[in-house]
Amino acid sequence: MLKENKRKYRALFLSDIHLGTKGCKAEYLLEFLKYHDADTIYLVGDIVDGWRLQKGWYWPQAHNDVVQKMLRKVRKGTEMFYVTGNHDEFLRDYLGSHFGGIEVVNEVIHEDATGKKYLVVHGDAYDGVLLNARWLAKLGDWAYETALKMNNWYNFCRRKLGFGYWSLSAYLKLKVKNAVKFMTDFEDILAQEARKRELDGVICGHIHHAQIKMIDEIVYMNDGDWVESCTALVENLDGTFEIINWAEERKTMLNLRKDSKKSKDKDMESLVA
């Protein structure tokens with residue numbers, strides 16, 4: 001079992017969890033939520049995958065545990081917003097409603113500790129493919145699911161060989177020129193939207209690529225996903241932002257624990273000798 005002190009943040013941003021799919025890394029997210037807390041949590045879309053659940057019900061205990069963990073945080077005083085995405089667009093019929101204290105919104109403005117304001121939105125409304133060719137988006141979703149299945153088998157083999165988690169699907173996506181161009185266009189369009197609204201930046205999800213960067217004078221931040229990279233965006237108490245790669249941190253923590261155990265075993269052997 002992992003052991004680490006709980007970290008507290010001013011705000012925490014999570015998106016693209018895709019509960020209801022086999023690709024969802026619910027166990028990793030549960031660990032992450034155990035050690036990370038915030039005054040405000042933003043669920044930035046595609047938390048529940050309605051597209052997949054329409055095709056067939058898949059809801060293991062770990063997915064239910066994630067929902068219960070979120071609700072417990074709200075009961076303990078965390079403010080939580082559910083920003084709708086394309087995979088959970090069914091919730092757009094309930095904008096303004098509260099479920100277990102979680103407010104459902106299409107977008108929201110986040111003000112950081114320094115007074116800067118950010119548009120928090122999933123990002124599908126700025127995806128040209130999704131807007132103009134929904135059938136192509138559905139086809140892309142099928143191809144993506146296939147890549148994730150390959151990813152699961154690949155990581156199963158890595159675990160058997162003693163290696164940590166590594167996202168094959170994310171690597172393949174970044175190697176495709178059209179995918180890279182799509183992400184760049186997506187980022188630029190969202191930055192333009194923030195500029196048009198006279199905001200300081202934008203925080204989004206949708207493309208499963210965690211990043212913090214400047215686009216001219218606009219701060220663009222993407223919190224990543226929990227099917228490939230297992231990443232989150234956090235605002236520290238001083239107003240600074242950072243991306244947490246939980247898959248990498250988890251691997252480091254486990255390696256440190258193994259090294260510590262080996263060191264203790266050697267010390268015991270020396271004492272016995």
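Trainee: How many residues of β11 are buried?
Mentor: Five of the five, so β11 is largely enclosed by the rest of the structure. Buried means under 20% relative accessible area, exposed means over 50%, and partly exposed is in between (1.4 Å probe, protein chains only). Strands here are DSSP runs of E with at least two residues, helices are runs of H or I with at least four, and both are numbered from the N terminus.

Trainee: Before we go on, what kind of model is this?
Mentor: This is a predicted model, in which local features need pLDDT of at least 70 and side-chain atom pairs count only at pLDDT 80 or more, while totals for chains, interfaces and linings use all residues. Residues are numbered from 1 along each chain as its sequence is written, and side-chain values use heavy atoms, with hydrogens and water left out.

Trainee: Back to β11. Which residues point which way?
Mentor: T231, L233 and E235 point one way, A232 and V234 point the other way, and all are buried.

Trainee: And which strands pair with β11?
Mentor: β1 pairs with β11 in the antiparallel sense over three bridges; there, F13 has L233 as its bridge partner. Strand β12 (residues 241–245) also pairs with β11 in the antiparallel sense, over five bridges, and I244 in β12 is the bridge partner of A232. Two strands count as paired if DSSP finds at least two bridges between them.

Trainee: What holds paired strands together, in general?
Mentor: Strands of a sheet pair through backbone hydrogen bonds, either parallel or antiparallel.

Trainee: How many residues sit between the strands in the β11 and β12 hairpin?
Mentor: Five, and in that hairpin G239 takes a positive phi near 95°.

Trainee: Which residues have a positive phi although they are not glycines?
Mentor: H18 is one of them, at about 60°, and C230 is another, at about 55°. H18 lies in the loop between β1 (7–14) and α1 (26–35), and C230 is in the loop between β10 (218–222) and β11 (231–235).

Trainee: Buried or exposed, those two?
Mentor: H18 is buried, at 6% relative accessibility. C230 is buried too, with a relative accessible area of 0%.

Trainee: New topic. Which residues touch the most other members of the largest nonpolar core?
Mentor: L14, I17, F32 and W226, out of 36 residues in that core. α1 gives the most to this core, with six residues. A second, separate core has 15 residues, including V83, V120, M221 and F241. A nonpolar core is a set of buried Ala, Val, Leu, Ile, Met, Phe, Trp, Tyr and Cys residues joined through side-chain atoms within 4.5 Å.

Trainee: How many aromatic pairs are there?
Mentor: The structure holds nine. F32 and W226 form a tilted one, 5.3 Å centre to centre with 55° between the planes. F32 is in helix α1 and W226 in the loop between β10 and β11, so the pair ties together parts that are 194 residues apart in sequence. The rings of Y118 and F241 have centres 5.3 Å apart and planes at 65°, so that pair is edge-to-face. Y118 is in strand β7 and F241 in strand β12, 123 residues apart.

Trainee: What are the cut-offs for a pair?
Mentor: Rings of Phe, Tyr and Trp (its six-membered ring) pair if their centres lie within 6.5 Å; planes under 30 degrees apart count as stacked, over 60 as edge-to-face, and the rest as tilted.

Trainee: Last one. What is the strand order in the open sheet?
Mentor: The five strands run β6-β7-β8-β10-β9, with mixed pairing. β6 (107–111) and β9 (211–215) stand at the edges with a single partner strand each, so one side of each is left without a neighbour in the sheet. β6 joins strand β7 (residues 117–121) through five bridges, running antiparallel, and E111 has K117 in β7 as its bridge partner.
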